[in-house]
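The tour below moves from one selection to the next.

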Amino acid sequence: MCRQFFDEPLSLHTSFRIGGPARLFLVPESVEQLLCALKSFPGARLLGKGTNVLAPDEGVDVVISTLGLNKFRFDENLVMSEAGVLLSKLCVESAERGLSGLELLYGIPGTIGGAIFMNAGAYGAQMADVVEWVECFDGERVRVLQRNQLEFSYRDSVFKKRKWLVLRACLRLTKSDPEAVRSKMEEIMKRRLETQPLDVPSAGSFFKRPRDNFYVGKAIEQLGLKGFRIGDAQISTKHAGFIVNLGSATARDVISLAQTVKGLVEKHFNVALEPEVDIW
Ligand SMILES: Cc1cc2nc3c(=O)[nH]c(=O)nc-3n(C[C@H](O)[C@H](O)[C@H](O)COP(=O)(O)OP(=O)(O)OC[C@H]3O[C@@H](n4cnc5c(N)ncnc54)[C@H](O)[C@@H]3O)c2cc1C
């Protein structure tokens with residue numbers, strides 16, 4: 001049986017600290033329990049670490065957390081991981097074994113499932129570089145997809161396109177020097193701390209990069225919008241690509257702020273922004 005919670009505030013489960021209650025919030029502790037929950041509640045939403053979601057103020061019906069699916073196993077340079085394992089945990093474990101491939105992704109605060117869903121990436125690396133196969137649920141049955149079937153592109157995957165759910169994945173890493181991997185991770189974390197507002201709730205970069213060589217944060221900054229706010233939702237004063245929650249921002253505040261910024265960027269740069277954050 002999954003653990004069950006009623007009227008569970010989603011603000012407790014999202015890095016934005018925003019979101020009304022989930023009428024039913026389920027926490028399975030195995031892939032089998034997850035499949036059982038998905039079959040019982042076909043319209044349920046899957047939540048990983050909640051670092052790329054804007055949940056509605058009025059809440060949602062059923063949410064299933066993957067955080068109880070936290071087993072992983074290394075076999076030489078391969079790692080088999082359940083969907084709810086934190087990407088940062090696998091980065092650290094890989095570094096300890098002298099395995100390279102995840103170090104540039106260190107600091108992305110979500111789960112393996114969430115990272116594969118949106119092909120998370122940073123500093124020139126992306127999940128697509130390392131994923132070997134994925135076991136997923138397509139709403140009817142479990143499938144295993146090989147890397148050439150994953151349809152990865154910038155912040156996109158077959159899972160996002162078809163609403164398929166990641167259950168387990170295998171990542172292929174390469175043998176390297178543990179010290180070199182560790183020092184790259186430290187360098188990346190330092191860069192994040194210097195440039196990102198990590199001490200304030202957010203969901204990371206709010207918008208996708210619309211094309212190569214167009215930097216959303218820079219464009220928003222050029223429009224003088226750093227610090228601009230609606231309610232408690234603010235364009236970060238540290239990194240204009242981030243929308244932050246100053247304390248009691250609502251999903252509505254964030255959406256109106258995002259729409260205002262989108263409108264201004266379109267008017268001044270003739271570029272249409274799309275959210276990277278998943279708006280439920
Ligand atoms: C401070 C900060 C920095 C960030 N930096 C980066 C960055 O550098 N690069 C980057 O790409 N992202 C970044 N992000 C965004 C986010 O961390 C990533 O997108 C992460 O991969 C989301 O994982 P999650 O487990 O939190 O997903 P969630 O937020 O829980 O879910 C996001 C979406 O994925 C779906 N989902 C979750 N698990 C599964 C699953 N198992 N199967 C199918 N769908 C699933 C959910 O339904 C939801 O629609 C950052 C966020 C923050 C807060």
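What follows is a walk through a sheet, its helices, a ligand and a hairpin.

Before selecting anything, note that this is a predicted model, in which local features need pLDDT of at least 70 and side-chain atom pairs count only at pLDDT 80 or more, while totals for chains, interfaces and linings use all residues. Residues are numbered from 1 along each chain as its sequence is written, and side-chain values use heavy atoms, with hydrogens and water left out.

**The open sheet**

Select S6, S7, S13, S11 and S12, which in that order form an open sheet of 5 strands with antiparallel pairing. The edge strands are S6 (72-75) and S12 (142-146), each of which pairs on one side only. From one strand to the next the twist averages 15 degrees. Helices (H or I, at least four residues) and strands (E, at least two) are DSSP runs numbered from the N terminus, and two strands pair if DSSP finds at least two bridges between them.

Now zoom in on S6 and S7 (residues 78-82), which pair in the antiparallel sense over 4 bridges; Phe74 has Val79 in S7 as its bridge partner.

**The ligand**

Next, select the ligand and the 35 residues around it, of which Leu46, Gly48, Thr51, Thr111 and Asp278 come nearest; a residue belongs to this group if one of its heavy atoms lies within 4 Å. Oxygen atoms of the ligand lie 3.0 Å from a backbone N or O atom of Lys49, 2.8 Å from a backbone N or O atom of Asn52, and 2.6 Å from a polar side-chain atom of Thr111. The ligand taken alone exposes 960 Å², and the protein buries 94% of that, with areas from the Shrake-Rupley method and a 1.4 Å probe. Strand S3 (45-47), helix H3 (112-117), strand S9 (121-122), S13 and S15 each give two or more residues to the shell, and H3 gives the most, with 4 residues.

Select S15 (residues 202-205), which pairs with S18 in the antiparallel sense over 2 bridges; Ser205 has Phe242 in S18 as its bridge partner. Strand S17 (residues 233-235) also pairs with S18 in the antiparallel sense, over 3 bridges, and a hairpin of 6 residues joins S17 to S18. Here Ala233 is bridged to Asn245 in S18.

Which residues of S18 lie on each side? In a regular strand the side chains alternate between the two faces of the sheet. On S18 (residues 242-245), Phe242 and Val244 lie on one side and Ile243 and Asn245 on the other, and all are buried, meaning under 20% relative accessible area.

Finish at Gln234 in strand S17, which is buried with a relative accessible area of 13%. Leaving aside neighbours within four places in sequence, Gln234 is in contact with residues including Phe228, Ile243 and Leu257. A polar atom of the Gln234 side chain lies 3.3 Å from the backbone oxygen of Gly227.

Key
Buried means under 20% relative accessible area, exposed over 50%, partly exposed in between (1.4 Å probe, protein chains only). Contact means heavy atoms within 4.5 Å. A polar contact is a pair of N or O atoms within 3.5 Å; within protein, one must be able to donate a hydrogen and the other to accept it, and residues adjacent in sequence count only if both atoms are side-chain atoms. Axes are lines fitted to C-alpha atoms, for helices over the stretch in contact, and angles run from 0 to 180 degrees between N-to-C directions.
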